[in-house]
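Q: Please take a close look at a single part of this structure, the backbone where its phi angle needs comment. Then set that part in the chain it belongs to, and the chain beside its partner.

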Amino acid sequence: MPPIISVENLVKRYSQLTAVGGVSFSVEQGEVFGILGPNGAGKTTTLECIEGLQAPTGGAITVLGMDVAADPRGVKGRIGVQLQASSYFDYLTLTEILELFGSFYPQRTQPMELLARMGLESKASARVNQLSGGQKQRFSVAATLVSDPEIVFLDEPTTGLDPQARRNLWEVVQGIHAEGRTVVLTTHYMDEAQLLCDRVAIMDQGKLIALDTPARLAETLPAPYTVRAATPTALDANALLGLEGVLDAEMSDGTLTLHSSDATRTVPALIALADGGLRELEVSLATLEDVFLAMTGHNLRD
Amino acid sequence: MPFVELFKANIRTLLRNRQALFWSMAFPLIFVFVFGLFFGGDVQRTTLLVIDRADDPISHGLVAQLEALDSFSVETRGDEAAARQEVRDGDAGYLLIFPEGMSSIVSAGGTARPVLVYDQGNASAPIVIGAVGRMLDAINLQASGSAQLLALHAEGVQGQDLSYFDFLLPGFVSMGIMTYSIIGIASVMALYREQKVLKRLLASPLRVRHFFAAIVLAHLLLSLVQAVVIAGVGMLVFDAQVRGNVAMLFLVVLLGNTVFLSIGFIIGALSRTVQAASGLGNAVAMPMMFLSGTFFPRDTLPSVLKALVDFLPLSAMVDLLRGMALDARPLWDFPELLALLLAWAVGSALVAVRVFRFS
């Protein structure tokens, strides 16, 4: 099956600034595809070029087999778009806004059905400015679904939300995915990308610097695994460093921390070395934050 | 139907936005009430003093005409100095002096010069001067001196019973539509862009022309409602007279509003924020409101300024509405004004389409 979205050598230049400098990737049907990067990395510009909202300076984009530059309206009719921090009409109720947006598309979903799916039935005749931050975001996701789209684009859907509302929205995204739709989202939250996305593209300064599943991205690090354990008796530091896969070892307050290239080999060797003296053994894979730091030399939220 | 839904959305927004309702209705109505209380209705009658030195058929005819007008109670005086003092003191509004031998001057083909004395601070003076002037013009045109021609003329001016408020009302209608369309559209467009509503619409397959058609049509419809409400209150509460063909008056309202909506779109496109849009809108609308003769005839402006101000779209709209509503004349009696307003409508709409941007 051909990719549902294909981006080839996308370039977007504004008078002085190059927002996107030659990015290529493709998105497969039915996956949740994340674009991760700090502010100003070119995530939103890339998304808006795919959505037909901005004309690329160079490169070719195909969505659902259609050339976006040649037929932007054709593409817009089959995708659902949530913009970063956009609003809706202040003086219309949620139902009225969904009816309005529904009228722009040949196929549409009933407003009440959409609101029910987002847990907003009780707000049907409220206005957007009467909603909480989380409700607003859920409503704007509802508005992207009004056309029953094949691809849903979400630009930083959880930015500015409290933890409860974020978790709530993650469930919404997983629900959309479960309906068989392809989801493309941008985020600068690692945990979000790791939890939601099948594949993640990491962008920095207008370039694509990595693209893979979150787990495989983590494995590209020299020591992707962290092994932690409480040890009542101190272990010999040289012996620890000699364990298979271990790159560095650290002991403090009775807690041992090892960084390992291969946890499946390191852990049995460690258990044998400690000879029953281990408590609370814990193995974790590196986060995308670590990946980003290793690849760019700077933090995501700089 | 995206257009129908957008039109409904715009009408709902207009009705639910209290600030918009204030600017569109309450703001001009405040002027209608204030000026209506001062100058409207039949309660207020101005005393017109007459010194008739001519004492001939023409002067008798004119006095009879003036007495027939509701706006004046005509009183005869003998002593000119005392009568002038009455006007100066505000006890009487006007003093009209017919010179001796007026009839014979007119029949000899000369120019008789009746004198109208009024207080320069009298706001309605231009109306009265105009009304008396029109009576005299008619006589000058038919300078045969025969009593019969005078009688004929009396019929011609029967309708000219106009108050200052009648003069003001078309100005208030135009002003209300102008301020609302310019400031309202400019701030709404800036707001929609700031809140990314426009961009969100652009992300859908909606056709841009449907979006504009819906906004423009909703506002054009509102301007007709504005015109009916503002003029209606003036007519019902303050007995204002509006003559002329209603369809043609509406046509001028729509044409004028097209200009103001386009100016609103242009300002909305040039402004970065809602505050800037509203400020710039006010900066354009307010001077135009005063300069274009909403409250007083532009004849009192310095001639250079008047020549410029005559070209403003509000001037053309006000003059057209006044010409039609006060004298019951048809639209095609004013080809220059109509051409000016049309030129504004086409020109401003073209500029608006060119400069408008979504993000």
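A: A strand is a DSSP run of E with at least two residues, a helix is a run of H or I with at least four, and both are numbered from the N terminus. The model is a predicted one.

The part to look at is A:Leu64, which sits in the loop between strand S4 (58-63) and strand S5 (66-67) of chain A. A:Leu64 is not a glycine, yet its phi is positive, at about 55 degrees. Most residues other than glycine have a negative phi. A residue counts as buried with 20 or more other C-beta atoms within 10 Å of its own, and as exposed with 12 or fewer. A:Leu64 has 18 other C-beta atoms within 10 Å, so it is partly exposed.

A:Asn9 is not a glycine either, and has a positive phi of about 50 degrees. A:Asn9 lies in strand S1 (residues 5-13) of chain A. With 13 other C-beta atoms within 10 Å, A:Asn9 is therefore partly exposed.

Now the chain around these residues. Chain A has 11 helices and 14 strands. Its C-alpha atoms fill a box of roughly 70 × 45 × 40 Å along the principal axes. Of the 302 residues in chain A, 41% are buried. Among its contacts between residues at least 6 apart in sequence, 68% join residues at least 24 apart.

Chain A also touches chain B, where 19 residues of chain B are in contact with 20 residues of chain A. On the chain B side, helix H1 (2-16) and helix H9 (197-202) are the elements that give two or more residues. H1(B) gives the most, with 7 residues. By class, this side of chain B has 9 nonpolar, 4 polar and 6 charged residues.

The largest has 141 residues, and B:Ile182 and B:Leu341 have the most contacts inside it. Helix H8 (residues 164-194) of chain B supplies the largest share of this core, 19 residues. Beyond its neighbours within four places in sequence, B:Leu341 is in contact with B:Leu255, B:Gly256, B:Val259, B:Pro313, B:Ala316, B:Met317 and B:Leu320. Another core, of 18 residues, lies apart from the largest one, and B:Ile51, B:Tyr94, B:Val132 and B:Met135 are among its residues.

Definitions and conventions. Residues are numbered from 1 along each chain as its sequence is written. Chains are lettered from A and ligands numbered from 1 in the order in which they are written. This is a predicted model: local features need pLDDT of at least 70, side-chain atom pairs count only at pLDDT 80 or more; totals for chains, interfaces and linings use all residues. A nonpolar core is a set of buried Ala, Val, Leu, Ile, Met, Phe, Trp, Tyr and Cys residues joined through C-beta atoms within 7 Å. Two residues are in contact if their C-beta atoms, placed from the backbone, lie within 7 Å. Ala, Val, Leu, Ile, Met, Phe, Trp, Tyr, Cys and Pro count as nonpolar, Asp, Glu, Lys and Arg as charged, and the others, Gly among them, as polar.
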